[in-house]
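I'd like to walk you through a structure, so let me put it up on the screen.

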There are 2 protein chains.
Amino acid sequence: MEKIRMGFIGLGGRGRGNMHLCAGMPDVEITAVCDLYLDRAELSAKEIEERHGYRPFLTTDYRELVVRDDVDAVIVTSSWEDHIPLAIAAMKQGKAVAIEVGGAYSLNDCFELVRVQEETQAPFMFLENCCFDETELLVTSLVRKGVYGEVVHCSGAYGHDLRTEIIYGKENRHYRLRNYMHRNCENYPTHELGPIAKILGINRGNRMVSLVSMASKSAGLKTYVNDHKDKVDPELIGKEFAQGDVVTTIIKCAHGETIHLRLDTTLPRTYDRDFTVHGTKAYSKNNSFVLDAKGEHTVSLRDYKKHLPLCWTDMTEEGRQLGHGGMDGIEFRVFIDCLKENKPMPIDVYDAAAWMCISCLSETSIAQGGMPQEIPDFTHGQWLIRPLEDVVEFPDIEFEA
Amino acid sequence: MEKIRMGFIGLGGRGRGNMHLCAGMPDVEITAVCDLYLDRAELSAKEIEERHGYRPFLTTDYRELVVRDDVDAVIVTSSWEDHIPLAIAAMKQGKAVAIEVGGAYSLNDCFELVRVQEETQAPFMFLENCCFDETELLVTSLVRKGVYGEVVHCSGAYGHDLRTEIIYGKENRHYRLRNYMHRNCENYPTHELGPIAKILGINRGNRMVSLVSMASKSAGLKTYVNDHKDKVDPELIGKEFAQGDVVTTIIKCAHGETIHLRLDTTLPRTYDRDFTVHGTKAYSKNNSFVLDAKGEHTVSLRDYKKHLPLCWTDMTEEGRQLGHGGMDGIEFRVFIDCLKENKPMPIDVYDAAAWMCISCLSETSIAQGGMPQEIPDFTHGQWLIRPLEDVVEFPDIEFEA
């Protein structure tokens, strides 16, 4: 069996989790690990050795990793700031690349990411795991069958109380703290935007044309610090955070659809991505489903689960344990299979650029009091002819209301 | 007992409902009714006579109503377009006025409404019944006790599938159809905005400073017409509707709070106002409540119902029947009591102007691709000193998580 030899850069919590997920696959070998912090790289190498009986190369310098002949694919699971530079460095060495999610810091970085991928033709995938989640794929399957009629509006959120992760970020060497201290933007748009963009055919017959963003005041983190003075890093006491607690963004698409995004991470709440798709024939919000044909009442989307793709109907209990209820496993399986079969990646560099640029564009819009910002076309007009393509295949079963 | 003698202008479904609600109160007499359509005025007069044994004056000309000596208060329940002109005409005759909800068609109309009220000093109330609803008042009560900490973001919606009401509007002589054909805006903001504005102290130590709006394409009504060709007015077949199906608006307040509004009335869905208040110590969405002190899980707001105002803790089954589950009865009781006791109205002309202007400002923002619009201060700077005032009093009970 052909093995994909992977090098991981960035071995914090998420990086190590992904590394172990991949290491457990029969056709993957972890040949190199890299982190700015030596202890993280060492821990990762040690864990691979203990669990799988071989020891990957380890380094604190990514340049040593991306040049290695025993690395086929570089997985970038570093800080948000480094996703694009590391992807570019790896592609320039002819490596396949997959990068974890996060937003971009400048439009130019997005253009450069696209340029280098086009120049090198390196296989590139953006690791938006929520594109592979169960509800998102079930809705997509039903949209493709016409169940929603014409989709006119979608919304989603990253509703996740991250106060402790941010505030105690320094001791975890986490990148979120510095972002929340200095930036004010939709800093994490893709968990909700990714699946919506796929549904709306963004970069494939449709595109995002413009956006506006507004941010609320920043009060959640300051209040948290003030209420936990005895526990938090004393340097944080009295500090102002630039990041507004709730950032609301509205995106307009070429075909007139609107997308509403909410970043909501620094106030008390329960986790919710609030995945909402609204068409002329149906509406759903998470698993609540209103089907026009059945009148004005709510049913469960789960009643239609036979329209799920195989990766979910065949999901095992073991598979569900492999990171975020199963979606991470599906995602990496798709990446690896595309790589081995030399097929186009289902979330490509154009998707990455279009989705990531929302962060820096929202930053400008907020700073300008909500002024509309142009969202660039990264495809050079190819969105007009690129065919609709989903991240997985859906079963060919007729829909019955 | 002193009786308030009311004249009603506009006797469609809502007008007649309100008229009967008021006519049933022991201290109200309906002395005059007016509608552009004679049959509606006649039906209303006949019903009053049958149910209460007296016959009000009836006319199709509002000018005949507003000059009558036997009318103390004019209740405007007409088409949206006429709320402000009729209120102005009545105030100029020295009448107390209450107007039903709806949005404004121009900023100048809002300024003129304020000017005439200031000039005449006529008692004026904006009939936003949702300001008196149970969940809205329970949340407001808890906000006033500090339970939410600092409120930083609120959102709400008018999520109401009105397709049949709009499409068959011509035969019902309803005003919505012409609005949906010609305008594209947040045409009905106040059911959600009213309670939020009260919570945030708008016009009382806070104000709304600017907004942005974007509208989705318009597909819901056209699809509905196309699917019901045999039933609908043939003139509607093939017609374009200007109104986008979903309008998203973001408002920024002087103290940095954001308000997110969604108009969502022409696609399949169940009714939802999606009343959401997000503070540094608590979060609620309708009756789901997350209290920081109790950790990251959802409880029911109903568990805290002892903090409801008396009008709700004392609510009878009969009261709940009096229009929209009870809130309409509370609203008119407050209006009549303020009138009799010569007290300031709890939703005054400054609230009306600030809330209604969202419609015409959103229209401009949408037409300009989401450009931010200034929301005027209608109080001439008095918002800096006007004290916080709620629409009802809340019980002085200590909060226990």
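This is a predicted model: local features need pLDDT of at least 70, side-chain atom pairs count only at pLDDT 80 or more; totals for chains, interfaces and linings use all residues.

How many degrees of rotation does it take to superpose chain B on chain A? The answer is 180 degrees, with 0.0 Å of shift along the axis and an RMSD of 0.0 Å. The two copies are therefore related as by a two-fold rotation axis. If you want to find that axis on the screen, look for B:Met371: in chain B, its C-alpha is the nearest to the axis, 2.8 Å from it. As for how the chains touch, 100% of the interface residues of chain B are interface residues in chain A too, so the copies meet through the same surface.

Next, a helix pair inside chain A. Packed helices get described by the angle between their axes and the distance between the axes. Here we have α1(A), residues 13-23, packing on α13(A), residues 327-340. The angle is about 65 degrees, and the axes are 10 Å apart. The crossing of α1(A) and α13(A) is right-handed. On the α1(A) side, the residues in the contact are A:Arg14, A:Asn18, A:Leu21 and A:Cys22. They meet A:Asp328, A:Gly329, A:Glu331 and A:Phe332 from α13(A). By class, that contact has three nonpolar, two polar and three charged residues.

Now for the holes. Rolling a probe the size of a water molecule over the atoms shows where empty space is left. Searching the whole structure turns up six cavities of 30 Å³ or more.

The largest cavity holds about 230 Å³ of space. Which residues sit nearest its centre? They are A:His260, A:Asp274, A:Lys285, B:His260 and B:Asp274, out of 23 lining residues. Notice that both chains take part: β7, β10, β11 and β12 of chain A, and β7, β10, β11 and β12 of chain B, each supply at least two residues of the lining. The largest share, four residues, comes from β7(B). By class, the lining of this largest cavity divides into three nonpolar, eleven polar and nine charged residues.

The second largest cavity has about 60 Å³ of space. Its lining is A:Cys131, A:Glu136, A:Leu137, A:Thr140, A:Pro195, A:Lys198, A:Asp390, A:Val391 and A:Phe394. Two helices of chain A, α6 (134-144) and α9 (190-200), each supply at least two of the lining residues, and α6(A) gives the most, with three. Here the lining has five nonpolar, one polar and three charged residues.

Last up, the largest pocket, with about 1300 Å³ of space. There are 42 residues lining this pocket, and the closest to its centre are B:Val334, B:Cys338, B:Pro344, B:Pro346 and B:Val391. Elements giving two or more residues to the lining are α5 (107-120), α11 (310-313), α13 (327-341) and α14 (349-367) of chain B. Which helix gives the most? That would be α13(B), with eight residues. And by class, the pocket lining divides into 22 nonpolar, eight polar and twelve charged residues.

That's what I wanted to show, so let's go to discussion.

Conventions:
Residues are numbered from 1 along each chain as its sequence is written. Chains are lettered from A and ligands numbered from 1 in the order in which they are written. Side-chain values use heavy atoms; hydrogens and water are left out. Copies are superposed by least squares on the C-alpha atoms of residues with pLDDT of at least 70 in both. Contact means heavy atoms within 4.5 Å. Axes are lines fitted to C-alpha atoms, for helices over the stretch in contact, and angles run from 0 to 180 degrees between N-to-C directions. A crossing is left-handed if the near helix is turned anticlockwise from the far one by less than a right angle, and right-handed if clockwise. Ala, Val, Leu, Ile, Met, Phe, Trp, Tyr, Cys and Pro count as nonpolar, Asp, Glu, Lys and Arg as charged, and the others, Gly among them, as polar. On a 1 Å grid over the protein atoms alone, a cavity is a set of points where a 1.4 Å probe fits but cannot get out, and a pocket is an open set with protein on both sides within 12 Å along at least five of seven lines; lining residues have an atom within 4 Å of a point. Grid points are joined across faces, edges and corners, and a volume is the space filled by probe spheres set on the points.
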